[in-house]
Every structure is written in structure tokens, then in C-alpha cells.
Amino acid sequence: MGSQGGGPPATSPGQQLRALFYVLSPGESAFRTVEEVPDYVEKSIPFFITFIGLEFAVSWVQKRKLPGRINDGISSLSLGILSRLPELFELPWDSPWTWYLTLLGVDFAYYCFHRISHEVNILWAAHQVHHSSEDYNLFTALRQSILQKYTSWIFNLPMALFIPPSVFAVHLQFNLLYQFWIHTEVITSLGPLEWILNTPSHHRVHHGRNPYCIDKNYGGTLIIWDRIFGTFEAEDAKVVYGLTHPVNSFNPIMLQLRPLAHIWNTFWATPGFCSKLSVIFKGPGWGPGKPRLGLPEEIPVITGKEVPFNPSVPAYLNCYAVVHFAVIVDFYTELLATVTMLSQGTILLRIGFIILSLTSFGLLLENRSKAGILEITRCLVFVGVYKLGYLRSQFSSLGYAYEVLFSLCAAFWGIQIMKQITSSKDKHH
């Protein structure tokens, strides 16, 4: 039932009375949008007063006394009025005050979420993906968890009570975008701004695995939360980046899921129900008999001689990975642009091919012996699905070139695999 004139439809006294007893039919109470739904509660106030008066009258006739005390009744009504007052005030979406309040609210929520993500093991399992790089540059800013967004929303829930959704949506993105450019060693100091803003210097500390860097500088846009809550640390000794226990992998699936596997194994290996819960909900450094966040003295000492994980691979393989990664970026960009026009099956197929490709690149860059088998499989899959029209480039002119490229690459990896098999047989003989 739609409204006439754009507002909520009028309800008759009879409908309002029946609403009190939940006896309105679907035809009377079904609406296309939230804006069309009448405020049944507000319009029921006259009935509340009427029924209260009726209850007084009946109680007096039956028992010669009132159904309750005056003081308690006024207290109940006062609380009822108070409960409705917040609904009468709404922050205007176009007010500068709303804009700045949301900036603070979103950034404080991010601080809380970010800090908890370092202090609760199951959340750290997702967030550690961002910290697993042993470099610190703008690439690192884009190193994100596939799981983290499924928990971060919880910390933004309180803002849903008073922040206009459109303003919140803007600041949620601004807060994320701001954190891109601070992932760099090029900018050393921003002077007085270091007191208020999260800067490259402050965030370098956050990404360090030096003992003085652990669990510091959680702010997103502002550093004031860290200064207020005692988690601030200024950049001092040269920062060594990455995890205290490096994962040593370029495989994106391994980087995303290995921490969860570690928690799973630790959970079953730890005796006692409460201790098992502690494995999940206490810090990543916790163990039986240790404080919630673990022992600081167990953090590996930084010697300054740490060498990042960097397997030696032929130069042609690096070039190969760069070219094919550029092709995947093309497919990814085209998928983003056309996702609303594609069937769910096509979307899943394209996502699957992208995941297969990224995994294959990781194995190639680790110089794994089985990488060639996965790569020839990937190239053959591409040739098949591209000819069937399930994969598309955003540049139609590159279609034939891609088919030739992947066909040649499949042949190349086929030759490499045959050489490995032949070499293996020669060694056995």
C-alpha cells in the first residue's frame, strides 16, 4: 500500500486501535519503503492515555483502589517520554558540525577496532595479513585481509544511532584512503602535525617488529587517541618491518589462512576448556600461565641484521609475473565495472580465475618446484574460458593478443615440465 503525496499514509482510528492488538491485515500494513510506514507508536499515544484511564476506572470499581502508585506511574511515564526524545532530534546531513563529529566518531571507532585486532588472537589472525610484509611502501597499504571487514562493522554500530548514513559512508572511505599515503619511508617528519595526525613516522612504528614498536600507534587519521590512551610511541631506532615470526611466503592464500590454521592447531593442542577459549580471545602472544597479551621478553630481539624473505628467481620469471599480473589487473578492473550486468555463475568463474592466478604468481615468485604445473593449468583454463566468453578484457583490442600470450605460455611451461621430468629420470639412472 503506497502513500499519497509522498508521505506516510493516514491511518484511521480503527486501524490504530487494531494495531495495538496486532490485528491489522497484510493488505493494510505492507509498504514498499520505510518512509511509507506510519509511526504507529506515536499515533497510539491517545489510546495509551485512554486505556490507562480505563484501567484506573475498572480497578476502582473492582477493588476500590488505584492500579498503582502515583509516584511510580509518573516515573514510568517519564522514562517513556525520555525513551522517545532521541527520535525527535536528527543530525542534519549537511551541517559542518555533523561532518566533523562523524570524522571523530569514525576515527575513534577505527582506533578501538584496530587495537582489539592486535589484542584478540582471532581478530589478529585476519589483521596480521596487513603486517606480514617486510617492506614498508605504498604497496603495503593495499595489502589487506579478506576477512577483516566481517568484524570491523561491529565497532561502527553505535554511530548508526545518530550519524546520517550518507555522512558515515563518506568518512568510512576517507578514513581508509588517508591511511594509504602514510605507508612510506619517503616522508620523514611533518613537524607540528605529528602531534595531531597519524603520519608516516608514527605508522612506521606501528608496522615495526622491534620490541618498542609492538602494539603501538593504532590511530587511523588522528594520533590523539594513542596519546590519550597510552599506546603512542615516537619513532626512534631504525624500524624493522613485518611480523615477529615471519610467514615467509608470497602465496596470498597462505598469507590469509595460515594464521587461522595456527589458531586451530593451538586450540586443540591446549588442554582445558578455559585455556582453549583464551587461545581464541586473548592476545597472539598468550600461553598458559602468561599475561593476556603475552610476555614482552619473548618478543624476538632485533639485531639489525634481519634479511627479508627473498627467494632467488630468474629475471625472466620476475618479468613474466609482472606482465601476467598486469593482465589480471585488467580482468579485475573489468569485473568491477561490469559486475551488475553479469550472472552469478560468471562472477564466480572470474573470481575463481583471479584467485587461481594470484596463487600461481605467489608460487612462481617463491620458486616452488610445482609452480609450473599450476601455471600451465592456469594458462589452459584461460584459453578455454576466454574462448567461451566468460572472461573479458576492458580493452577489446587485446583479446587476440591475450589468447596468443596464454597459448605460448602454456607451451612454455609444458616444455619446462618435460625438462624437469627428463632431468629427474636422468638423475635416477
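**View 1. H207 sits in the loop between α10 (200–206) and α11 (224–229).** This is a predicted model, where local features need pLDDT of at least 70, side-chain atom pairs count only at pLDDT 80 or more, and totals for chains, interfaces and linings use all residues. Residues are numbered from 1 along each chain as its sequence is written, and side-chain values use heavy atoms, with hydrogens and water left out. Helices here are DSSP runs of H or I with at least four residues, strands are runs of E with at least two, and both are numbered from the N terminus.

**View 2. E119 and R292 form a salt bridge.** The term stands for a side-chain nitrogen of Lys or Arg within 4 Å of a carboxyl oxygen of Asp or Glu. By that rule, the count comes to 12 salt bridges. For E119 and R292, the closest N and O atoms are 3.4 Å apart. This pair links distant parts of the chain: E119 belongs to helix α5 (residues 96–119), while R292 lies in the loop between α13 (273–281) and α14 (315–338), 173 residues apart. E119 counts as buried at 8% relative accessibility, whereas R292 is partly exposed at 42%.

**View 3. R350 meets E334 in a salt bridge between helices.** The N to O distance for R350 and E334 is 2.7 Å. Which helices does the pair link? R350 is in helix α15 (residues 344–365) and E334 is in helix α14, 16 residues apart. R350 counts as buried, since its relative accessibility is 5%. E334 is buried as well, with a relative accessible area of 11%.

**View 4. The side chains of R368 and E366 pair up in a salt bridge.** Side chains of opposite charge can pair when their charged atoms come close. For R368 and E366, N to O is 2.8 Å.

How values were computed: Buried < 20%, exposed > 50% of the residue type's maximum accessible area, 1.4 Å probe, protein only.
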